[in-house]
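Please look over the sequence and the structure below. The briefing that follows goes through them topic by topic.

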Amino acid sequence: MTHPVLTVFLYGLVTALATGLGALPFAFLRTVSPRVVASANAIAGGLMLGASFGLVAEGTEYGAWQTLAGALLGVLFIIGTQRLLGDREVAFGDVRGSDARQMALIVIVMTIHSFAEGVAVGVSFGGGATLALVITLAIAVHNIPEGLAITAVLRPRGVSVAKCAGWSIFSSLPQPLMAVPAFLFVETFQKALPYGLGFAAGAMVFMVLEELLPEAYDRARRPVVALQVSLTLVAMVLFQQYL
Amino acid sequence: MLDLEPTLVVLLFSAISAAAAVFGAGPFLFRRQLPIVQIGWANALAAGMMLGAAYVLLIGGLPLGAGAVAAGAVLGIGFAAWSHTASGTDDLDLNRLEDTGPTYGYQVLLVNSLHSAFEGVAIGAAMALSLPFGVFVALAIAIHNIPEATVLCAILTGRRLAISSAAGLAVAANVSQVMLAIFTFAIVDAAPGVLPWALGFATGALIQLVMADLLPESYHQAGHRTIALVAIVAMGIVVLLRTAVA
């Protein structure tokens with residue numbers, strides 16, 4: 001029997017690797033027209049909105065005010081990061097300018113969001129959950145659409161599928177790292193959990209509303225973008241319900 | 001007040017919600033026209049509250065059966081999209097303040113009636129889940145109706161309509177809300193099994209309307225950051241109020 005801390009870490013690592021699978025559907029994407037960028041933005045937006053609905057629902061069970069306070073901090077964090085990125089010449093691989101800024105932003109947002117998820121994993125392990133394997137599997141599968149969201153933004157801007165998978169996995173690495181301390185100090189982390197969940201939701205929703213959607217509307221017809229966002233959102237919520 | 005006959009509660013609160021549109025004409029008592037930026041804020045405010053209402057309906061419906069809610073949501077999305085296409089109102093801009101052609105006039109009123117019809121389904125389904133929940137959703141949509149009516153009044157007064165007539169038309173465009181609220185409530189009362197479907201339908205339709213009409217519109221009227229901030233704060237307030245009430 002391995003040490004429980006090691007178990008939590010390894011399970012967390014497996015969930016991080018699963019995020020890389022989200023890049024796979026984009027291996028078949030050949031042409032990158034403005035319509036593809038619009039669709040990819042819309043799908044990433046729907047996935048992130050759906051994920052945020054789940055985070056807020058979970059966070060408000062621990063505390064509504066704390067979740068909303070966390071969300072406010074998440075919004076401020078994005079504005080701060082944008083200011084930081086806006087002041088300097090950002091390069092993401094070979095890409096520069098506003099595209100690179102957006103690519104860096106999605107990786108940052110999704111990575112931050114994994115911190116909160118890692119805490120949620122650790123707390124649920126420490127909460128006396130005996131179904132550790134089931135929980136891990138659920139979170140691993142749940143991470144795949146998050147890799148999809150990252151790849152949807154990176155891939156149409158010229159990043160290779162392998163690198164998309166790499167960035168997806170990178171974005172989930174905080175999960176095992178945060179799961180361990182959260183598991184060891186459940187009581188402390190449980191108090192911080194609604195703030196963290198709210199922070200992640202606020203950051204994601206704000207990024208969708210400010211960056212992803214307006215760009216999608218500029219590049220494709222409104223009804224098409226709307227359909228893609230709405231259907232993906234519902235699919236994501238359903239997906240999370242069953243896993 | 002909730003001792004009333006349930007159908008009367010639905011009638012009362014959906015009527016309050018529809019009538020709230022009259023306050024949307026308020027800004028025009030003080031000035032002839034609003035700057036386009038402020039119309040953008042009004043659209044974003046309406047969008048954020050509608051997204052918040054969709055979230056509340058979704059979370060309320062999921063325990064009844066996630067599959068049925070999701071299937072209902074897909075129907076709602078499809079129906080909202082279809083109603084736009086069928087009425088020729090997709091891609092319709094809600095800020096052509098100088099366009100006084102007759103076609104644009106009826107299209108704008110049609111879009112507003114469509115919106116309130118789907119909001120009526122939301123109120124009716126929420127009332128069927130529980131009356132206090134329904135009252136909450138009705139009041140949220142009532143407040144949402146105010147900025148929505150402000151946008152409509154901006155277009156109508158731009159067409160040289162008197163403020164009183166613009167306010168009256170804004171309320172009249174919401175009559176479908178009262179009708180659909182009572183209709184949905186009656187249907188679910190007769191066949192309780194459709195409740196998760198109805199809640200899902202309303203959720204999907206509201207999300208689709210936000211994504212197809214309110215948000216794309218507002219991005220053209222004010223800066224992306226302002227719109228995102230206004231929408232997310234409006235959404236947060238609805239979510240917070242819901243958990244505070246529950």
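Which residue takes a positive phi just after H5(B)? The residue is B:Arg160, with a phi of about 70°. This is a predicted model, in which local features need pLDDT of at least 70 and side-chain atom pairs count only at pLDDT 80 or more, while totals for chains, interfaces and linings use all residues. Residues are numbered from 1 along each chain as its sequence is written, and chains are lettered from A and ligands numbered from 1 in the order in which they are written.

**Helix H5 of chain B**

- Helix H5 of chain B covers residues 131–158; helices are DSSP runs of H or I with at least four residues, numbered from the N terminus.
- H5(B) has 28 residues and reaches 40 Å from its first C-alpha to its last, close to the expected 40 Å (1.5 Å times one less than the number of residues).
- Because 22 of its 28 residues are buried, H5(B) is largely enclosed by the rest of the structure.
- A residue is buried if 20 or more other C-beta atoms, placed from the backbone, lie within 10 Å of its own.

**B:Ala46**

- B:Ala46 lies in helix H2 of chain B, residues 36–61.
- This residue counts as buried because it has 32 C-beta neighbours inside 10 Å.
- Beyond its neighbours within four places in sequence, B:Ala46 is in contact with B:His144, B:Pro147, B:Glu148 and B:Leu214 (contact: C-beta atoms, placed from the backbone, lie within 7 Å).

**Where chain B touches chain A**

- In chain B, 32 residues are in contact with 30 residues of chain A.
- The elements of chain B that give two or more residues to this side are H2, H3 (66–86), H8 (195–219) and H9 (224–245).
- H9(B) gives the largest share, 11 residues.
- By class, the side of chain B that touches chain A has 23 nonpolar, 6 polar and 3 charged residues.
- Ala, Val, Leu, Ile, Met, Phe, Trp, Tyr, Cys and Pro count as nonpolar, Asp, Glu, Lys and Arg as charged, and the others, Gly among them, as polar.
- The buried residues of H9(B) include B:Ile227, B:Met235 and B:Arg242.

**A helix pair across the chains**

- Helix H9 of chain A (residues 222–242) packs with H3(B) at an angle of about 175°, their axes 10 Å apart.
- Axes are lines fitted to C-alpha atoms, for helices over the stretch in contact, and angles run from 0 to 180 degrees between N-to-C directions.
- H9(A) and H3(B) are therefore roughly antiparallel (angles over 145 degrees).
- Among the residues that make the contact are A:Leu231 of H9(A) and B:Ile77 of H3(B).
- This contact has 12 nonpolar, 3 polar and no charged residues.

How values were computed
A residue is buried if 20 or more other C-beta atoms lie within 10 Å of its own, exposed if 12 or fewer, and partly exposed in between; C-beta atoms are placed from the backbone. Two residues are in contact if their C-beta atoms, placed from the backbone, lie within 7 Å. Angles under 35 degrees count as roughly parallel, over 145 as roughly antiparallel, 65 to 115 as roughly perpendicular and the rest as oblique.
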